[in-house]
Amino acid sequence: MTAEKVLAVARGELGNTESPAGSNRTKYGKWFGLDGYAWCMMFVMWCFSQAGALELLPKRTASCGDLMRSAKAAGYWVTEDYRPGDVVIYDFPGGAATDHTGIIESVTVSGVVAIEGNTSQAGSQSNGGQVCRKSRKYNLIVGAVRPKFEEEDDMNIDKLTDADLVKLAGRMQAALAKQPVSATLAPEFQAAVDAQVADGSMEKVYLTLLAGSVDHELTVERPVGRDRHDARRMHVGAGRPALTRISPLAPVRLPGGHEATLCTASIHTGRRHQIRAHAAWAGHPVVGDRLYGGPAASGLMLHAWREAFTHPLTGQRIRVEAPVPDRMVPFVPEGAL
């Protein structure tokens, strides 16, 4: 059984609607035995059943949360490197933690394209009453259930079908992922990365030591621009929009007994000196940052720690982590990371 067979069933349902509108009554709910209830997961189950692949899922259920828990327990749960055929679970703003699902058809630079039941093109996304093809950003995805599909290795080179071409493209992408970016592709690669920074799908997490006691998460959403009085500094309050989230990890004592806090800082924009300027504005300058009023140290206690982005060529989610530098190691309590 292959992912393409399940997707072929799902594609055949595009445009189907519940009847009457707003009733949650569908053939998927009738098949499952819960007609009249929210049916996005029942649609997924129905598609797998029609393809003869229901046994590839960890559980027959109408609940997104239930399938997620079962997938985690059975080792079917993934949170990166999504693939066609994965059953994706979403968390939409203002809803439940696991409030919608679909079957991934393809992976893009900024998210996935999925075939979903009980959604809509313009109305409710988690109870819209229609089967639709939807593009979703990575920041809406909780994770996905990875069915135990067979590897599709029976390619007919002489007469390539559409399915064969999709398969071949996947193999080419996997090969490209192992190659350095060429000078020809570098501009397109950089443009794709820049787009991820702009739409917020690139994750950048810094490790930092901030002066004083930070006992709760800080969200600083203030513009950052050049300081008219000091060309070396950036000024908070005027300039381009900037968003920084600071989360405390552990209290630390500096030499001399002064309080400090080991924190992570996540940036959702990429302004010059953004973390340094925002932290100082919040009253907790980076230790070692004399330019912004931080206490003296052997160096700037700010480190680009973790980053996650989508490979522009393969669609794979790439996660990297840089080791904590020697200058910061003495200020990282055991178990803090």
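On a 1 Å grid over the protein atoms alone, a pocket is an open set of points where a 1.4 Å probe fits, with protein on both sides within 12 Å along at least five of seven lines, and its lining residues have an atom within 4 Å of a point. The model examined here is predicted, so local features need pLDDT of at least 70 and side-chain atom pairs count only at pLDDT 80 or more, while totals for chains, interfaces and linings use all residues. Residues are numbered from 1 along each chain as its sequence is written, and side-chain values use heavy atoms, without hydrogens and water.

The second largest pocket has 20 lining residues, and Asn139, Gly200, Ser201, Glu203 and Arg317 lie nearest its centre. Its volume, the space filled by probe spheres set on the grid points, is about 360 Å³. Strands (DSSP runs of E, at least two residues) contribute to this lining: β6 (141–145), β7 (203–211), β12 (259–267) and β14 (317–321) each supply at least two residues. The most come from β7, which gives three.

Attention now turns to two helices (DSSP runs of H or I, at least four residues). The axes, lines fitted to C-alpha atoms over the stretch in contact, of α1 (residues 3–11) and α3 (residues 40–50) come within 8 Å and cross at roughly 120°, on a scale from 0 to 180 degrees between N-to-C directions. Therefore α1 is oblique to α3; oblique angles are those left after under 35 degrees (roughly parallel), over 145 (roughly antiparallel) and 65 to 115 (roughly perpendicular). In contact (heavy atoms within 4.5 Å), Val6, Val9 and Ala10 of α1 meet Phe43, Trp46, Cys47, Phe48 and Gln50 of α3.
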